[in-house]
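Trainee: I would like to learn how to read a fold from its contacts and strands. Please take me through one example, term by term.

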Amino acid sequence: MLQIIKSENRGFADHGWLKSHHTFSFADYYNPKFMGFRSLRVINEDRIDGGTGFGKHPHRDMEIISYVVKGGLKHEDTMGNKTVIKPGEVQKLSAGTGMLHSEHNEQGTEQTHFFQIWIIPNKTGQPPSYGQKSFEADLKSKKMVLAISQDGRDGSISIQQDADMYISRLNADDTTEFTLRSNRGAWIQIVSGKVKVNDEEVAAGDGIAVENQTSLNFKAAVKSEFLLFDLA
């Protein structure tokens with residue numbers, strides 16, 4: 001079964017400096033039908049104006065993943081990390097027993113566009129940890145790249161949950177496929193373009209919940225990008 005959440009049906013918050021679309025219930029947006037999907041709790045698509053951002057704030061017992069589409073996201077945290085996340089890079093914060101961080105648009109005048117994703121960990125009270133990696137080189141040679149996993153296999157960043165996150169970039173008319181193991185579900189988030197997933201046509205901002213499927217077939221109508229979460 002494939003259930004689609006259309007882009008226009010997401011929650012939306014306009015804070016002036018921040019425009020944020022919420023796939024699942026978040027902050028002032030509450031929809032009891034969309035509280036998350038399996039261990040996937042938050043998918044926020046954020047656009048931050050130049051020279052602005054999120055001040056220092058706390059997290060605990062959550063796996064927080066940021067994926068930058070355009071611009072640059074300046075990050076600082078109480079673990080001592082100071083970095084800028086660029087397009088094609090994935091950042092992972094395992095908040096564990098607690099940490100503080102801030103995120104600001106590194107660009108002076110241009111927007112930074114990124115996805116922030118929260119995954120509920122399978123263990124709480126763990127020490128906080130950090131990971132960051134660029135997947136640009138792999139994305140130029142592979143149609144689907146593993147960026148996040150529990151065991152850190154194939155050069156991915158590890159998290160405290162049985163959840164894999166893949167990034168796929170396809171040119172027009174490109175195809176690829178994905179096989180789901182038994183008793184697992186998938187969430188597909190379209191970052192850009194237009195893609196046919198099995199018999200369903202979806203576009204930028206749309207999301208798809210996948211249950212009771214073993215095979216997913218993708219064909220891009222135009223140059224496209226999507227994230228795929230393979231979830232226990």
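Mentor: Begin with the nonpolar core, a set of buried Ala, Val, Leu, Ile, Met, Phe, Trp, Tyr and Cys residues joined through side-chain atoms within 4.5 Å. Buried means under 20% relative accessible area, exposed over 50%, and partly exposed in between, with a 1.4 Å probe and protein chains only. This is a predicted model, in which local features need pLDDT of at least 70 and side-chain atom pairs count only at pLDDT 80 or more, while totals for chains, interfaces and linings use all residues. Residues are numbered from 1 along each chain as its sequence is written, and side-chain values use heavy atoms, with hydrogens and water left out.

Trainee: How many residues does the largest nonpolar core have, and which have the most contacts inside it?

Mentor: The largest nonpolar core has 28 residues, and L40, V90, I117, M165, W187 and F229 have the most contacts inside it. At least two core residues come from each of β4 (40–48), β6 (63–70), β11 (112–119), β13 (145–149), β15, β17 (185–192) and β22 (224–231). Helices (H or I, at least four residues) and strands (E, at least two) are DSSP runs, numbered from the N terminus. A second, separate core of 19 residues includes Y166, V195, V197 and V202.

Trainee: Which residues does W187 touch?

Mentor: Contact means heavy atoms within 4.5 Å. Leaving out residues up to four places away in sequence, W187 touches I5, T23, F24, F37, L40, I43, G207, I208, A209, L227, L228 and F229.

Trainee: What is the strand order in the open sheet of 7 strands?

Mentor: Strands of a sheet pair through backbone hydrogen bonds, either parallel or antiparallel. Two strands count as paired if DSSP finds at least two bridges between them. The order here is β1-β20-β17-β22-β15-β13-β14, and the pairing is mixed. At the edges are β1 (2–5) and β14 (157–158), each of which pairs on one side only. β1 pairs with strand β20 (residues 207–210) over 4 bridges in the antiparallel sense, and I5 stands opposite G207 in β20.

Trainee: What is the order in the open sheet of 4 strands?

Mentor: That order is β16-β21-β18-β19, with antiparallel pairing. Its edge strands, β16 (175–179) and β19 (200–203), each pair on one side only. Neighbouring strands of this sheet are turned by 25° against each other on average, direction ignored. For such angles, axes are lines fitted to C-alpha atoms, for helices over the stretch in contact, and angles run from 0 to 180 degrees between N-to-C directions.

Trainee: How many residues of strand β9 are buried?

Mentor: In β9 (residues 89–94), 6 of its 6 residues are buried. E89, Q91 and L93 point one way from β9, while V90, K92 and S94 point the other way. β6 and β9 run antiparallel and are joined by 5 bridges, with I64 opposite L93 in β9. β9 also pairs with strand β12 (residues 129–134) in the antiparallel sense over 6 bridges, and V90 stands opposite K133 in β12.

Trainee: How many salt bridges does the structure hold?

Mentor: Side chains of opposite charge can pair when their charged atoms come close. The cut-off for a salt bridge is a side-chain nitrogen of Lys or Arg within 4 Å of a carboxyl oxygen of Asp or Glu. The structure holds 15 salt bridges. One of them joins E136 and R169, whose closest N and O atoms are 2.8 Å apart. This pair links distant parts of the chain, with E136 in helix α1 (residues 136–141) and R169 in strand β15 (residues 163–170), 33 residues apart. E136 is partly exposed at 21% relative accessible area, and R169 is partly exposed at 26%.

Trainee: Which residues are in the network around D151 and R153?

Mentor: R153 and D151 form a salt bridge, with their closest N and O atoms 3.2 Å apart. Salt bridges that share partners join D151, R153, D162, D164, R181, R184 and D230 into one network. D151 is exposed at 53% relative accessibility, whereas R153 is partly exposed at 29%.
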